[in-house]
Amino acid sequence: MKTTPLLRIAALLLPLSFAATATQAASLRCSSKLISTGDVTSDVLSRCGEPVSRSFLGYKQVPGERYGETMEVAVEEWIYGPWSGMLYFVRFEGNRLSDIQSKRSGN
């Protein structure tokens, strides 16, 4: 069976495109500034300002730097908005932005 060079290139790039989308960072625009997963709380505060709500959710066990080691980190959720009818839920794990979710506000 003969394959074309274009088909071979597509077969090589297909796994890379899936890997790129799986590791893509979530982001949120606050006025003219952008926050992304991995940012620290002080960066989020300086770019987006004070949230309308802050909630301490508890603690989470995460892998440590050494094999078999675990650490306990604080988990917080901040809520921004409503902006254009949307609420934004920003979650921090160990002072790092871990997730951004949005939901249409009930106004």
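Two strands count as paired if DSSP finds at least two bridges between them, and the strands themselves, like the helices, are DSSP runs numbered from the N terminus, with at least two residues (E) for a strand and at least four (H or I) for a helix. The model shown in these views is predicted, so that local features need pLDDT of at least 70 and side-chain atom pairs count only at pLDDT 80 or more, while totals for chains, interfaces and linings use all residues. Residues are numbered from 1 along each chain as its sequence is written, and side-chain values use heavy atoms, with hydrogens and water left out.

**View 1. The hairpin of S3 and S4.** Val62 stands opposite Met71 in S4. Strand S4 covers residues 70–83, and S3 and S4 pair in the antiparallel sense over ten bridges. Six residues lie between the strands of this hairpin, and Gly68 takes a positive phi near 85 degrees.

**View 2. The hairpin of S4 and S5.** S4 and S5 run antiparallel and are joined by seven bridges, with Met86 in S5 as the bridge partner of Trp83. Two residues lie between the strands of this hairpin, and Ser84 in the turn has a positive phi of about 55 degrees.

View 3. Four strands form an open sheet in the order S3-S4-S5-S6, with antiparallel pairing. Strand S3 (53–63) and strand S6 (96–104) stand at the edges with a single partner strand each, so one side of each is left without a neighbour in the sheet. From one strand to the next the twist averages 20 degrees. Helix H2 (residues 41–48) lies across S3, S4, strand S5 (86–93) and S6, and runs at about 10 degrees to S4; axes here are lines fitted to C-alpha atoms, for helices over the stretch in contact, with angles from 0 to 180 degrees between N-to-C directions, and contact means heavy atoms within 4.5 Å.

**View 4. Aromatic rings.** Rings of Phe, Tyr and Trp (its six-membered ring) pair if their centres lie within 6.5 Å, and planes under 30 degrees apart count as stacked, over 60 as edge-to-face and the rest as tilted. By this rule the count comes to four aromatic pairs. One of them, Phe56 with Tyr59, is edge-to-face, at 5.3 Å centre to centre and with 70 degrees between the planes. Tyr80, Trp83 and Tyr88 are linked by ring pairs into a cluster.

View 5. The charged end of Arg54 sits over the ring of Trp78, 4.3 Å from its centre (the rule asks for NZ of Lys or CZ of Arg within 6 Å of the ring centre and within 35 degrees of the ring normal). Arg54 also forms a salt bridge with Glu50, with the closest N and O atoms 3.1 Å apart; a salt bridge is a side-chain nitrogen of Lys or Arg within 4 Å of a carboxyl oxygen of Asp or Glu. Glu50 counts as exposed at 55% relative accessibility, whereas Arg54 counts as partly exposed at 40% (buried means under 20% relative accessible area, exposed over 50%, and partly exposed in between, with a 1.4 Å probe and protein chains only).

**View 6. Salt bridges between strands.** The structure holds four salt bridges, among them one in which the side chains of Lys60 and Glu93 meet at 3.2 Å, N to O. This pair links distant parts of the chain, Lys60 in strand S3 and Glu93 in strand S5, 33 residues apart. Arg91 forms a salt bridge with Glu77, the closest N and O atoms being 3.8 Å apart. Arg91 is partly exposed, with a relative accessible area of 30%, whereas Glu77 is buried, at 19%.
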